[in-house]
Every structure is written in structure tokens, then in C-alpha cells.
Amino acid sequence: MGLPAALKAHKEGNRKLAAIHYQRALDQNDTTDIIYQNFGSLLKDAGDLAKAKAIYEQGLALYPKHNGIRKNYSNLIKPDFPLTSLDIQLAIVRDTLGSNS
């Protein structure tokens, strides 16, 4: 149950079941980074933008430098907050270039 079941269902395209299992993983206090990236994306694709934003923000509180979560969050907020989105994208580039030096 939880994350492994969520990842399996998500991979198989069963978004409804994946969402149930991602939520179950969070309810079980699983804070694995991929939950926030994938669950947020799934919610965004389903049109639940407010919940997707909340999930991404929870993930960023735990993993502020996680590029997957940051990219997804940036894309989500881009229509309403283009400058904030751009700032996030630039931070990702700076962090990526800095880690390759």
C-alpha cells in the first residue's frame, strides 16, 4: 500500500487509484520526495490546481532544492505568477550550474 502502489498505478495510467495511494502514503506520514512531485502532477492534470499547489508547497517545505518539485510548481503558478515562476526556473538553472562546477 502507499507509495509503491501509487507508483505502480500511476505507471499503469490508473490515475484515480494512484491518487488514492499517494494520499494514503501522505496519511501514513511518508514524506518521500517523489510523492510530492508525482501527486502534484497528477492533481494538476486532473484539474485540481489548488490541491496540486498545496502538495507542491508541502514538498518544497521539505525539499526546497528538489528540481522536479520546483519545476512542476513553477509551471503550475506560471499563468498567475509569471515572475515568481521565472525566479524559480532561474534558481534551478543557477543551482544546476553551481553543482556542475
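**A chat about the core and the surface**

Modeller: The largest nonpolar core has 23 residues, and the members that touch the most others are Y22, L26, I35, F39, I55, Y56 and Y73. A nonpolar core here is a set of buried Ala, Val, Leu, Ile, Met, Phe, Trp, Tyr and Cys residues joined through side-chain atoms within 4.5 Å. Buried means under 20% relative accessible area, exposed means over 50%, and partly exposed is in between, with a 1.4 Å probe and protein chains only.

Colleague: Which elements give two or more residues to this core?

Modeller: Helix 1 (3-11), helix 2 (15-27), helix 3 (33-45), helix 4 (49-62), helix 5 (67-77) and helix 6 (82-99) do. Helices are DSSP runs of H or I with at least four residues, strands are E runs of at least two, and both are numbered from the N terminus.

Colleague: Before I go on, what am I looking at, and how were things counted?

Modeller: It's a predicted model, where local features need pLDDT of at least 70 and side-chain atom pairs count only at pLDDT 80 or more, while totals for chains, interfaces and linings use all residues. Residues are numbered from 1 along each chain as its sequence is written, and side-chain values use heavy atoms, with hydrogens and water left out.

Colleague: Where do Y36 and Y63 sit in the chain?

Modeller: Y36 is in helix 3 and Y63 is in the loop between helix 4 and helix 5, so this pair links distant parts of the chain, 27 residues apart. Y36 counts as buried at 4% relative accessibility, whereas Y63 counts as partly exposed at 27%.

Colleague: And why is the pair of Y56 and Y73 called what it is?

Modeller: Their ring centres are 6.5 Å apart with the planes at 80°, so the pair is edge-to-face. Y56 is in helix 4 and Y73 in helix 5, 17 residues apart, and this pair also links distant parts of the chain. Y56 and Y73 are both buried.

Colleague: What about D30?

Modeller: D30 is in the loop between helix 2 and helix 3, and at 22% relative accessibility D30 counts as partly exposed. Not counting residues up to four places away in sequence, D30 touches L3, A25, I35 and Y36.

Colleague: Now charges. How many salt bridges are there?

Modeller: The count comes to five salt bridges, each being a side-chain nitrogen of Lys or Arg within 4 Å of a carboxyl oxygen of Asp or Glu. One of them joins K8 and E12 at 2.9 Å, N to O. K8 is exposed at 52%, and E12 counts as exposed at 55%.

Colleague: Which residue does D45 bridge to?

Modeller: D45 bridges to R15, with the closest N and O atoms 3.7 Å apart. D45 is in helix 3 and R15 in helix 2, 30 residues apart, so the pair links distant parts of the chain.

Colleague: And E57 with K53? How are they placed in helix 4?

Modeller: They're four residues apart in helix 4, which means about one helical turn between them.

Colleague: Which residues are linked in a network?

Modeller: K65, R70 and D95 are linked in a network of salt bridges.

Notes
Rings of Phe, Tyr and Trp (its six-membered ring) pair if their centres lie within 6.5 Å; planes under 30 degrees apart count as stacked, over 60 as edge-to-face and the rest as tilted. Contact means heavy atoms within 4.5 Å.
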